[in-house]
2 protein chains.
Amino acid sequence: MSSEALKRASTLEDVARVAGVSRATVSRVINGVRNVDPAIQEAVRQAIARTGYVPNSAARSLVTRRTGALALVISGSDAPETPDHHVGGEIFADPFFGRVVSGVFTGLRPLDLHPVLMLADSAEARDKALTYLRQGNADGAMVVSTHSRDPLPAQLLAAGIPTVLFGRPPTPLSLSCVDLDNREGGRIAADHLHARGRHRVAAISGPLGVRAARDRLSGFREAMADHGIHQLPHVEGDFTREDGERAMASLLRRYPDLDGVFAANDLMAQGALAVLAEHRRRVPEDIAVIGFDDSSAATAGRPHLTTVRQPVEEMAAEMTRVLLDHLARPGRAATTVLFEPTLIERQSA
Amino acid sequence: MSSEALKRASTLEDVARVAGVSRATVSRVINGVRNVDPAIQEAVRQAIARTGYVPNSAARSLVTRRTGALALVISGSDAPETPDHHVGGEIFADPFFGRVVSGVFTGLRPLDLHPVLMLADSAEARDKALTYLRQGNADGAMVVSTHSRDPLPAQLLAAGIPTVLFGRPPTPLSLSCVDLDNREGGRIAADHLHARGRHRVAAISGPLGVRAARDRLSGFREAMADHGIHQLPHVEGDFTREDGERAMASLLRRYPDLDGVFAANDLMAQGALAVLAEHRRRVPEDIAVIGFDDSSAATAGRPHLTTVRQPVEEMAAEMTRVLLDHLARPGRAATTVLFEPTLIERQSA
DNA sequence: ACGCGCTGGGAGAGCGCTCTCCGAGCGTGC
DNA sequence: GCACGCTCGGAGAGCGCTCTCCCAGCGCGT
């Protein structure tokens, strides 16, 4: 065992020698390309087993120009430099992240591909990620880009790296993307609140630098306007639970008679719920709360959140599929896949 | 721009020709090895800029035997095959996962290394991961192995792949690992509950196939026994919120006069809290609840959870550092870094 | 003036694989 | 019986880089 571990790893050459054939033949057997005489195949397989041969993927990548890795880039707005805090803490704590990862794995499962994670939360990190990709460390990139001003998608496009985005960029690029019809999601929330007879409603939006946040808010506003409600208190949040608490508290202070709240994600809705509980407001009797995402946060507390579902896993899986398709057919034109939000009615509204 | 994109990527050779030097010199400049005449250095830099040269990492890996990637393997017990469900959904939904990722990034931040994610939740996936690692796709592996019977750590050891574990294996292997003193954590929970005057307590443990879960429970039991409490209702959970709800409901049914509960993680504690709220039990007045982890779930609902803190981010960062150290000094002996749990006192107990 | 050490650039041998050619061997059709 | 095509193995040329040699040139000591 230890003597095996010490000597250098066996190569194609070794296998070929043991099997009494050429390197090319061994390669053919391994890659299942062209017909190879069954007897020889068997001999090669035995030689592989005997030598404990494992192909070296660097050597293979060098010639095939494929790495077997796909980058999953989380490209956020620049994170504040809080030295005592951990890198990307807030991003990774959001259930959204886990759902994306889960969806990516679902899309990748049948294949021999693995996602390499990159965090591009600063100009420096972004450059590093770009360099990494340029060096050919991954065959393509999936980018969850939150902020509108994020230059990364355009840079990837310019660098000729196969890329698919989660979320449409603010200005159309010829890159494929998957996204939710966020505006429609906002409308759904508004319609539901209105149908429940709520007229003194407010919104806790996400950061307005994020397109999805803007779209949800404007959809909500539009639909409310359609219902004759033009006065709409609004607080901008940052998608964290803490900020949802802060926003709800502020809203409650300024508009004590609110009877409905739309939060742009479940985490903030959950924060709102906690603050409402502290203020002894009954949900949904006194005030209805509707969230967005249908993440695990929706059913974490009581009451369970009524929410606008964003099928993140499906979207991430689709993003992966689209990227694989681009890899398989390099010429393919960029496509946009838009998912439809749906209302998940639970207890809070 | 497009003409740039079309022609093949420039190589060291191209840069060398443009700069009027040899490949070796360009390589030296890029890697900053040995002295190179400043004038030549400058010429090389210009040539690099002019040609838009980016080193090909496959070629580099082939000779250096380094890839610049570290595997982060989530090796769980075999996941049930639920076709409609998404891969690893539960694992990735757990805040624990995000915290590990965050810690890994913290440990990796200054370096040009990226984590590649692998999910080994079935024998097949485990084999794939092992093969991937054997092929040299990553320089080393960090393994979050939950289940006791997981053969992966031993396999990695046998394959000679530099590996660090999050969580000690059931039988000691000569692999480095970082872990929490879970037994002590259980004791801390018990001591606190006892100090609060709770005598009719129960435990919601994690899956007993997981060493950490067993240790937390036995530490809790031991300390309770020290306090003269030998009768200890116990329900085994699976670390999910839903299971925490189920466990709490079952406990409440069987032992209606409980005045204290220890849950082996915050997610289950959160579930317990929700069920207690539904049963109109006041926390902590009627029944005290203490969680474990100090994850974001601890402050998600109301009341905030009193919990035993596990510094997951620090542990993951340390795991990364230990792996890097093993990579830098191949001969290094395996070490175990044990972290101490601390009590975080909030409202629930 | 000569030798010696030292600095710094060039040549070239790989690293381990894939893949295009080439050619041997065999079967087939007329 | 011969030309032709077809199948399948081997030879060998790279893929783009690193790194060990080797050697030219220079400064220094004697």
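In this predicted model, A:Pro284 sits in the loop between α13 and β9 (288-293) of chain A. Helices (H or I, at least four residues) and strands (E, at least two) are DSSP runs numbered from the N terminus. The model is predicted, so local features need pLDDT of at least 70, side-chain atom pairs count only at pLDDT 80 or more, and totals for chains, interfaces and linings use all residues. Residues are numbered from 1 along each chain as its sequence is written, chains are lettered from A and ligands numbered from 1 in the order in which they are written, and side-chain values use heavy atoms, with hydrogens and water left out.

**Backbone**

The peptide bond joining A:Val283 and A:Pro284 is cis, with omega about 10°. In chain B, a cis peptide bond joins B:Val283 and B:Pro284, and omega is about 10°. B:Pro284 is found in the loop between α13 and β9 (288-293) of chain B. A:Asp293 belongs to strand β9 of chain A. Its phi is near 120°, a positive value in a residue other than glycine. Most residues other than glycine have a negative phi, and most peptide bonds are trans.

**Cavities**

The structure holds 2 cavities of 30 Å³ or more. On a 1 Å grid over the protein atoms alone, a cavity is a set of points where a 1.4 Å probe fits but cannot get out, and lining residues have an atom within 4 Å of a point. Grid points are joined across faces, edges and corners, and a volume is the space filled by probe spheres set on the points. In the residue classes, Ala, Val, Leu, Ile, Met, Phe, Trp, Tyr, Cys and Pro count as nonpolar, Asp, Glu, Lys and Arg as charged, and the others, Gly among them, as polar.

| Cavity | Volume | Lining by class |
|---|---|---|
| Largest cavity | about 250 Å³ | 8 nonpolar, 10 polar, no charged |
| Second largest cavity | about 40 Å³ | 3 nonpolar, 2 polar, 3 charged |

The largest cavity is lined by 18 residues, and A:Ser61, A:Thr67, A:Asn137, B:Thr67 and B:Asn137 lie nearest its centre. Helix α5 (57-64) of chain A and α5 (57-64) of chain B each supply at least two residues of this lining.

The lining of the second largest cavity consists of A:Asp94, A:Pro95, A:Phe96, A:Asn265, A:Asp266, A:Leu267, A:Asp293 and A:Ser295. At least two of its residues come from each of α7 (95-108) and α13 (266-278) of chain A.

**Helix pairs**

Axes are lines fitted to C-alpha atoms, for helices over the stretch in contact, and angles run from 0 to 180 degrees between N-to-C directions. Angles under 35 degrees count as roughly parallel, over 145 as roughly antiparallel, 65 to 115 as roughly perpendicular and the rest as oblique. Contact means heavy atoms within 4.5 Å.

In chain A, the axes of α2 (residues 12-19) and α3 (residues 23-31) come within 8 Å and cross at roughly 100°. α2(A) is therefore roughly perpendicular to α3(A). A:Leu12, A:Glu13, A:Val15 and A:Ala16 of α2(A) make the contact with A:Arg23, A:Val26, A:Ser27 and A:Ile30 of α3(A). The residues of this contact divide into 5 nonpolar, 1 polar and 2 charged.

In chain B, the axes of α12 (residues 241-254) and α13 (residues 266-278) come within 7 Å and cross at roughly 50°. This makes α12(B) oblique to α13(B). The residues of the contact of α12(B) with α13(B) comprise 8 nonpolar, 3 polar and 2 charged.

Methods
On a 1 Å grid over the protein atoms alone, a cavity is a set of points where a 1.4 Å probe fits but cannot get out, and a pocket is an open set with protein on both sides within 12 Å along at least five of seven lines; lining residues have an atom within 4 Å of a point.
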